[in-house]
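Please consult the sequence and the structure while reading.

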Amino acid sequence: MNLAHLLRRIAEQDPRRAAVLVGTTPVLDYGSWAARCARLGASLRAAGLVPGDRIALFMRNHKAYLELMWGAWWAGLVIVPINAKLHPKEAAWIIEHSGARWGFIAGGVGAELHGLEQLVDVDGADYAALFTDTSLAIEPRAKDDIAWLFYTSGTTGRPKGVMITHRNLMTMGLCYFADVDSIDAADCTVYAAPMSHGAGIYAVPHVMVGARHCVPASGGFDASELFELAPRLGPMSLFAAPTMVNRLVDHAQAQHLGGDGFKTIVYGGGPMYVADIQRAMRVMGPRFVQIYGQGESPMTITALSRGQLVDSAHPRHLERIASVGVAQTAVELRVVDTQNRLLPAGEVGEVVVRGDSVMAGYWRNPEATAATLRDGWLFTGDMGCLDTDGFLTLKDRSKDVIISGGSNIYPREVEEVLLLHPGVAEASVVGAHDQEWGEVVVAFIVPRPGSAVDTHALDALCLGHIARFKRPKCYEFVDALPKNNYGKVLKKALRERLKNPGEQLP
Ligand code: AMP
């Protein structure tokens, strides 16, 4: 089924229902949103685009994102979302690789792109001219037709185009209700994290029930803006990467605010440390849910529910909040060894997943598809272990594991300990090449402003919590950690810095 039906269904029931806002200003109701998609679809098809063709979106969060997504689907087209922070050359590579025919841009990003039949600025007259009086009927789509061709950040080599189908997104949307949260028609989701990534596809469950969608006027994440919007738009929900959650909590603490107006903050996309989620719940209340997913099974591998996060009376509460929760309803989850043998609870191996949220494969890349999808299972590249209750604890990406003297060290467990020090704002642990040990542990530490952190204290902390061989052999104090657009620490850049000590961190 075409995802466009979700929008038409609400538009038919209740066309006047508020749908899209920019900040607190309403810009579209469900009736006009659907009507605009039918018109946009008609123009794109009249211009020669045929079902299955790709259109690229290279812009920050913008209200047009939503009508372009549903307008493209309406006409049977595929969205290629491109992270607005990519270099134009990187965007050009994605456009060429995906074979996108048209591109849509906003706010000056991407004006130099070429190789497209049409490049349309969504704030310009060419875009407005696409909304004529002709409407298109929804193009039938089979469940395995592609809806979203998402290029993974690719820490090595070129990014890969993840083929996400209508069925994948439908499954992701339904799992939101089963595993993440309820959504009421009166709720408002706010797009603070990039819509080119998970936050954008979370529009699907919110369209399913006809909730409101707010694009912040800033087009991105701004903690103070979100605290202003929440009481005015609430009940408000959002997806936030762990760094964004930490910034929200910093802001709340500094301004003596609670969580008024925030209904649910879904966090994921990278590790959230125990001390951070505990502080977040203390400051903002029981408003958090964690998800674990990856581009290849978007937003849909595991979830740690609000109830599990607040259940501090549970004997394994600490272990649970350090985990990423349990398999979401639509997926099967296993942990396997390098020979693909099932591992018992407690043993660390690669996390593999199977279910209707798992991608169809990588676009025009059969080798990578065959390496990642085996017998219907998605090999995530994440290392983790299950407990006997089905809770998954992630260790690290297999490539981030440090092997020192033949023993595996998972950076996350060292980072968790370092963060217990009150003077440590952020910590990231990587392996450095070493003649004797193969690799040794190096910790990059961002001290809290005004705090003095000495390495003896950090050493003592490690000795008190983890095996001796896991403690860092060396500490590097830095002002900030290098991060990507989604707030993920770029461990590759930290490893590079160790090879070239004089070099600035990006
Ligand atoms: P991406 O495909 O860019 O969304 O990155 C997905 C990767 O981010 C996963 O394979 C994990 O390594 C990591 N990740 C996602 N969610 C979580 C989470 N809740 N906790 C820890 N790591 C996560």
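Strands are DSSP runs of E with at least two residues, numbered from the N terminus. The model discussed here is predicted.

Q: Which strand supplies the largest share of the shell around the ligand?
A: Strand S13 (288-294) and strand S21 (392-397) each contribute at least two residues to this shell. The largest share amounts to 5 residues, and the strand that supplies them is S13.

Q: How do the residues of the shell around the ligand divide into nonpolar, polar and charged?
A: There are 17 residues around the ligand, and Ile 291, Gln 294, Gly 295, Asp 382 and Lys 488 come nearest. By class, the shell holds 5 nonpolar, 9 polar and 3 charged residues.

Q: Which residue places a backbone N or O atom 3.2 Å from a nitrogen atom of the ligand?
A: A polar contact requires a pair of N or O atoms within 3.5 Å. A backbone N or O atom lies 3.2 Å from a ligand nitrogen atom, and the residue is Gly 270.

Q: Which strands are the edge strands of the open sheet?
A: The sheet comprises 9 strands with mixed pairing, in the order S2-S1-S10-S9-S11-S12-S13-S14-S15. An edge strand pairs on one side only, and this holds for strand S2 (25-29) and strand S15 (326-327).

Q: Over how many bridges do S11 and strand S12 pair?
A: Strand S11 (residues 236-240) pairs with strand S9 (residues 188-190) in the parallel sense over 2 bridges. Within that pairing, Cys 188 stands opposite Met 236, and Thr 189 stands opposite Ser 237. In S12, Ser 237 has Thr 264 as its bridge partner. S11 and strand S12 (residues 262-267) also pair in the parallel sense, and the number of bridges is 5.

Q: Which residues of S11 point the other way from Met 236, Leu 238 and Ala 240?
A: In a regular strand the side chains alternate between the two faces of the sheet. S11 is mostly covered, with 5 of its 5 residues buried. Met 236, Leu 238 and Ala 240 point one way, and the residues that point the other way are Ser 237 and Phe 239.

Q: Why is Met 236 classed as buried?
A: Met 236 belongs to strand S11. Beyond its neighbours within four places in sequence, Met 236 has contacts that include Cys 188, Leu 226, Leu 229, Phe 262 and Thr 264. Buried means under 20% relative accessible area. Met 236 is therefore buried, because its relative accessible area is 0%.

Q: Which residue has a side chain joined to that of Arg 279 by a polar contact of 2.7 Å?
A: Arg 279 lies in helix H11 (residues 274-284) and is buried, with a relative accessible area of 13%. Leaving aside neighbours within four places in sequence, Arg 279 is in contact with Asn 246, Val 249, Asp 250 and Gln 253. The polar contact of 2.7 Å joins the side chain of Arg 279 to that of Gln 253.

Notes: Residues numbered from 1 in each chain as written. Predicted model: local features only at pLDDT ≥ 70, side-chain atom pairs only at ≥ 80, totals over all residues. Heavy atoms only, no water. Helix = DSSP H or I, 4+ residues; strand = E, 2+ residues; numbered from the N terminus. Buried < 20%, exposed > 50% of the residue type's maximum accessible area, 1.4 Å probe, protein only. Polar contact = N/O pair within 3.5 Å; in protein donor to acceptor, adjacent residues only side chain to side chain. Contact = heavy atoms within 4.5 Å. Near = heavy atom within 4 Å. Nonpolar A, V, L, I, M, F, W, Y, C, P; charged D, E, K, R; others polar. Pairing = 2+ DSSP bridges.
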